[in-house]
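Please read this note with the model open beside you.

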Amino acid sequence: WRDWSSDVCSSDLDIFVTRLTSDGEIAWTYQTGSEVDDWLQGVTVLDDGTIVGVGFTAGTLGHASGGTDILVVRLSLQGELLSMSQLGTEGDDRAFGVAGLPSGEIVISGTVYGKFGADDVWSGKKDAFIAGLSNGGDMQWNLQFGSYDGADDDGYGLAVLGDSLWF
């Protein structure tokens, strides 16, 4: 159990990452949030110890695009903020999955409701996406997938094995 009353809370729903010791004790907690609700949906630890969390925000924690935006947070092994990126379309966008590449770059997956990145493709509904981000959080590439039959498409999980990416 943790008493959050002594921590800074920005709204009803903030994001946090907690590192536990092998004994289950809290080593540190990083918490932040916008003026409205924020969600963290996935987390991974890269080979160099960098912790990456992904999710979405309804507020502004970087460059807001509209609706809910994708949120990418990078932390040091000691819980210090290294970078925070906010990406998206004018619609509601969410990241659910994250995986690290051997280069230190990351790949994220989720859902967008609009044209995302360089691709000029959008089904008109929710589309699944996968995107590669640099160490600094800038989008390097993306693929967007959607069905034109009125269905919603979501990209929840992904994995990396060697030089293969599974989505």
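1. Start with Thr111, which stands opposite Ala128 in strand 9. Strand 8 and strand 9 run antiparallel and are joined by seven bridges. Two terms need their cut-offs here. Strands (E, at least two residues) are DSSP runs, numbered from the N terminus. Two strands pair if DSSP finds at least two bridges between them.

2. A word on the model itself. It is predicted: local features need pLDDT of at least 70, side-chain atom pairs count only at pLDDT 80 or more, and totals for chains, interfaces and linings use all residues. Residues are numbered from 1 along each chain as its sequence is written, and side-chain values use heavy atoms, with hydrogens and water left out.

3. As background, strands of a sheet pair through backbone hydrogen bonds, either parallel or antiparallel.

4. Is strand 9 buried or exposed? Seven of its seven residues are buried, so strand 9 is largely enclosed by the rest of the structure. Buried means under 20% relative accessible area, exposed means over 50%, and partly exposed lies in between (1.4 Å probe, protein chains only). Check both faces of strand 9. Asp127, Phe129, Ala131 and Leu133 are buried on one side. Ala128, Ile130 and Gly132 are buried on the other.

5. Move on to the next pair. Strand 9 and strand 10 run antiparallel, joined by six bridges. Leu133 stands opposite Met139 in strand 10. The hairpin of these two strands has five residues between them, and Gly137 there takes a positive phi near 95°.

6. Strand 10 also has a part in a surface feature. Trp141, Leu143, Phe145, Leu165 and Phe167 make a nonpolar surface patch of about 450 Å². Strand 10 gives the largest share of the patch, three residues. Phe145 lies in strand 10 and counts as partly exposed, at 38% relative accessibility. The patch rule takes residues with over 30% relative accessible area and no salt bridge; nonpolar side chains (Val, Leu, Ile, Met, Phe, Trp, Tyr) are joined within 5 Å, and like charges within 9 Å. Accessible areas come from the Shrake-Rupley method with a 1.4 Å probe, and for residues only the protein chains shown count as cover.

7. Strand 4 (residues 51-57) pairs with strand 5 (residues 69-75) in the antiparallel sense, over seven bridges. Val54 stands opposite Val72 in strand 5. Ile51 has Leu75 of strand 5 as its bridge partner. Strand 5 is mostly covered, with seven of its seven residues buried.

8. Strand 5 also pairs with strand 6, antiparallel, over six bridges. Arg74 stands opposite Ser83 in strand 6. Ser83 is buried, at 16% relative accessible area. Leaving aside neighbours within four places in sequence, Ser83 is in contact (heavy atoms within 4.5 Å) with Val72, Val73, Arg74, Asn135 and Gly136.

9. What lies between strands 5 and 6? Their hairpin has five residues between the strands, and Gly79 takes a positive phi near 90°. Ser76 is in this loop. Ser76 is buried, at 9% relative accessible area. Beyond neighbours within four places in sequence, Ser76 is in contact with Trp28, Gly49, Ile51 and Leu82.

10. Last, the charges. A salt bridge is a side-chain nitrogen of Lys or Arg within 4 Å of a carboxyl oxygen of Asp or Glu. How many are there by this rule? The count comes to one. The side chains of Asp154 and Lys126 form it, at 3.4 Å, N to O. The pair links distant parts of the chain, 28 residues apart. Asp154 sits in the loop between strand 10 (139-145) and strand 11 (159-161). Lys126 sits in the loop between strand 8 (106-112) and strand 9 (127-133). Asp154 counts as partly exposed at 29% relative accessibility, and Lys126 counts as partly exposed at 24%.

Notes: Helices (H or I, at least four residues) and strands (E, at least two) are DSSP runs, numbered from the N terminus.
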